[in-house]
Amino acid sequence: MKSVRLVLGSGGARGMAHIGVIEELERNGYRIVEVAGSSMGAIVGGIYCTGHLPEYKHFLVGLSKLDVFNLLDFTLNAQGFVKGERVLKAVEQLIGDHFIENFSVPFTAVAADVVSRKEVHFRSGSLFRALRASMAIPTIFTPVTEGRMQLVDGGVLNPLPLDVVKREPGDLLVAVNLNAYWPQEKKQEVVNQEKAAYEKMLEAFRTQILRIDNKAEEKVEKLGLFDLLNKSADMVQERVTELMIKVHQPDVVVNIHTNVCGIFEFYRANEVIEEGRRAFYKAMEEPRNEMKDAWI
């Protein structure tokens with residue numbers, strides 16, 4: 001049985017694809033011996049290490065658009081418009097809190113300290129405290145204060161933390177990249193009135209909380225402020241991820257395209273998890289993939 005060091009990237013709701021990849025690794029006889037992740041990669045990876053991934057998957061699959069909206073605890077805060085406590089509390093009630101140092105599979109959650117401008121690696125302590133720091137997307141989720149540190153999303157500095165795992169001879173290094181991009185043909189989409197209403201509701205909250213003046217509001221309508229911020233962050237993370245892959249050369253890279261779903265579209269769990277499965281098997285066919293020799 002081949003041992004796998006698994007690195008799970010950041011990317012909002014696209015991170016549900018990690019579940020499909022993990023399930024297929026185990027289904028094909030690979031043994032995951034270490035996990036590291038940033039943001040949503042930390043959330044899925046950490047919950048996997050607790051042994052409660054099936055319960056978390058069931059929770060995600062049952063979410064509706066309204067459920068997702070209700071889990072967003074909006075706040076009047078200049079540092080972010082979502083506190084992020086409510087969603088983690090819901091998961092904690094489902095699986096309980098855990099201490100990272102007690103995991104049978106070593107786990108690292110990556111966050112970034114905006115004060116020291118350095119990465120922070122959580123390898124001990126409360127799992128949910130670590131996850132809350134690792135998922136704190138700037139301008140969206142409020143930062144986490146740890147002493148003098150102001151912690152934000154690990155993807156800011158290291159969206160695919162390949163340098164965090166302890167690679168050993170004979171182990172396979174597997175990376176799941178949520179920031180992959182390649183040109184795609186535009187598909188004609190059917191207008192979904194429910195989705196449009198949901199997005200309009202989110203935008204209304206953002207506008208109210210940020211107190212955008214009339215002139216700025218016109219620019220938001222024209223430029224799509226939230227979408228612009230997301231796409232800009234995706235581009236930065238895409239370039240950093242490319243560099244990490246080039247430098248650390250994992251044995252296999254599972255690529256998830258940035259347009260698979262929106263950052264908060266957790267109600268699309270089934271299709272995103274299935275995309276993870278498809279991407280896993282596609283990655284297994286890549287010529288550079290050293291896992292092919294161990295393919296079961």
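This is a predicted model: local features need pLDDT of at least 70, side-chain atom pairs count only at pLDDT 80 or more; totals for chains, interfaces and linings use all residues.
Residues are numbered from 1 along each chain as its sequence is written, and side-chain values use heavy atoms, with hydrogens and water left out.

**The second largest pocket**

Here a pocket is an open set of points, on a 1 Å grid over the protein atoms alone, with protein on both sides within 12 Å along at least five of seven lines; lining residues have an atom within 4 Å of a point. The space in the second largest pocket is about 410 Å³, a volume being the space filled by probe spheres set on points joined across faces, edges and corners. Next, display strand 9 (172–180), helix 9 (225–248), strand 10 (252–257) and helix 10 (269–284), each of which supplies at least two lining residues. Helix 10 gives the largest share, five residues. Helices (H or I, at least four residues) and strands (E, at least two) are DSSP runs numbered from the N terminus. Colouring the lining by class shows eight nonpolar, four polar and seven charged residues; Ala, Val, Leu, Ile, Met, Phe, Trp, Tyr, Cys and Pro count as nonpolar, Asp, Glu, Lys and Arg as charged, and the others, Gly among them, as polar.

**The cavity**

Turn now to the one cavity of 30 Å³ or more, a set of points where a 1.4 Å probe fits but cannot get out. The largest cavity holds about 330 Å³ of space. Select I43, V87, M135, F141 and F266, the closest to its centre of 23 lining residues. Helix 2 (40–50), helix 3 (53–61) and helix 5 each supply at least two residues of this lining, which has 19 nonpolar, three polar and one charged residues.

**Helix 5 and helix 6**

At the contact (heavy atoms within 4.5 Å), E85, L88, V91, E92 and I95 of helix 5 meet F128, L131 and R132 of helix 6. This contact has five nonpolar, no polar and three charged residues.
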